[in-house]
Amino acid sequence: IYDFNIIAQPSGHGFGFDFGLAAEVLGGIDVGMAITDLGYINWSDNIAEHQAIGDFYIDDLFDKNQLDTLVDLINLTEKQAAAFQTVLPIAIRLGAAWEISKALPIIPGEMTVVFDYNQGLTYSPGNSSIPRISLGSQWRPMDILPIFLIGFTNDRSGHTRISMGLGYYNEIFSAYLSTQDVMTPITTMVKPYYSIAFSATWNVF
């Protein structure tokens, strides 16, 4: 007889919350500020420390032979560890959105430009002290045409990423198709990677 639980028991407990403000300024610009993931987690149950020891040089994460050799060379040891506490990945986020087509009637249809600034405040998994600055726009020239999407941002390595996409929506249906970065397939000549995302929503009521 096996003691099986479909939901795993937590190894720790903690507390966290977000705080934010939003407002409309200058007659049509929506701005917002938020501080996210304020809190901590206390890890107290089933704690183990894993240590990998080995020397290896790898220059291609897509080379299966190098990865298999890496797995064989690393000597992984495990030992019990004491309880500890981690801080959540606290970050400050600033954003603004402006429906520029209302201020400039010369622009056909509806156009919105957005700006985001994200700054990590703690050295936690999933967080970064390198600020991420993003600028984007969506434009729908006519109701019968799709929405054109474009965005620019930087990643942790300092490279610029350009995202593009198309979208469409009406009263009962919306769909979006986009790619995360159009520059990587162009600039990476050795084993470039591609990404594409699609989402669709039906409004039932």
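Trainee: How many aromatic pairs does the count come to?
Mentor: This is a predicted model. Rings of Phe, Tyr and Trp pair if their centres lie within 6.5 Å. By this rule the count comes to 4 aromatic pairs.

Trainee: Are the planes of Trp 43 and Phe 84 stacked or edge-to-face?
Mentor: The two ring centres lie 6.4 Å apart, and the cut-off for a pair is within 6.5 Å. The angle between the planes is 25 degrees. Because planes under 30 degrees apart count as stacked, the pair of Trp 43 and Phe 84 is stacked.

Trainee: How many residues apart are Trp 43 and Phe 84?
Mentor: Trp 43 belongs to strand E2, residues 29–43. Phe 84 belongs to strand E5, residues 84–87.

Trainee: Is Phe 84 buried, exposed or partly exposed?
Mentor: Buried means under 20% relative accessible area and exposed means over 50%. Trp 43, with 28%, is partly exposed. Phe 84 has 41% relative accessibility, so Phe 84 also counts as partly exposed.

Trainee: Which strand pairs with E2 over 4 bridges?
Mentor: E2 pairs with E6 in the antiparallel sense over 8 bridges, and Ile 35 has Ile 92 in E6 as its bridge partner. Tyr 40 stands opposite Val 87 in E5. The strand joined to E2 by 4 bridges, also antiparallel, is E5.

Trainee: Which residue in E2 is the bridge partner of Phe 19?
Mentor: Strand E1, residues 12–25, runs antiparallel to E2, with 13 bridges joining them. The two strands form a hairpin with 3 residues between them, and Leu 26 in the turn has a positive phi of about 50 degrees. The bridge partner of Phe 19 in E2 is Ile 35.

Trainee: What is the volume of the largest pocket?
Mentor: The lining of this pocket has 17 residues, and those closest to its centre are Ser 134, Leu 135, Gly 136, Gly 151 and Phe 152. The lining divides into 7 nonpolar, 8 polar and 2 charged residues. The volume of the largest pocket is about 250 Å³.

Trainee: Which strand gives the most to the lining of the largest pocket?
Mentor: The elements that give two or more residues are strand E7 (110–120), strand E8 (132–140), strand E9 (147–154) and E10. With 6 residues, the strand that gives the most to this lining is E8.

Trainee: Which residue in E9 is the bridge partner of Gly 136?
Mentor: E8 and E9 pair in the antiparallel sense over 6 bridges. They form a hairpin with 6 residues between them. Gly 136 is among the residues closest to the centre of the largest pocket, and its bridge partner in E9 is Gly 151.

Trainee: Which residue takes a positive phi in the hairpin of E9 and E10?
Mentor: E9 and E10 run antiparallel and are joined by 8 bridges. Phe 152 has Ile 162 in E10 as its bridge partner. The hairpin has 5 residues between the strands, and the residue with a positive phi, near 95 degrees, is Gly 158.

Trainee: How many charged residues are in the lining of the second largest pocket?
Mentor: This pocket has a volume of about 210 Å³. Its lining has 14 residues, and Asn 118, Ser 128, Ile 130, Arg 132 and Arg 156 lie nearest its centre. E7 supplies the largest share of the lining, 3 residues. Besides 3 nonpolar and 7 polar residues, the number of charged residues in the lining is 4.

Trainee: Which residue in E12 is the bridge partner of Leu 177?
Mentor: E10 is joined to E11 by a hairpin through 3 residues, and Gly 167 has Tyr 176 in E11 as its bridge partner. E11 and E12 pair in the antiparallel sense over 6 bridges. In E12, the partner of Leu 177 is Phe 198.

Conventions: Residues numbered from 1 in each chain as written. Predicted model: local features only at pLDDT ≥ 70, side-chain atom pairs only at ≥ 80, totals over all residues. Heavy atoms only, no water. Phe/Tyr/Trp six-rings, centres within 6.5 Å; stacked < 30°, edge-to-face > 60°. Buried < 20%, exposed > 50% of the residue type's maximum accessible area, 1.4 Å probe, protein only. Pairing = 2+ DSSP bridges. 1 Å grid on protein atoms, 1.4 Å probe; cavity = no way out; pocket = protein on both sides within 12 Å on 5 of 7 lines; lining within 4 Å. Points joined across faces, edges and corners; volume = space filled by probe spheres on them. Nonpolar A, V, L, I, M, F, W, Y, C, P; charged D, E, K, R; others polar.
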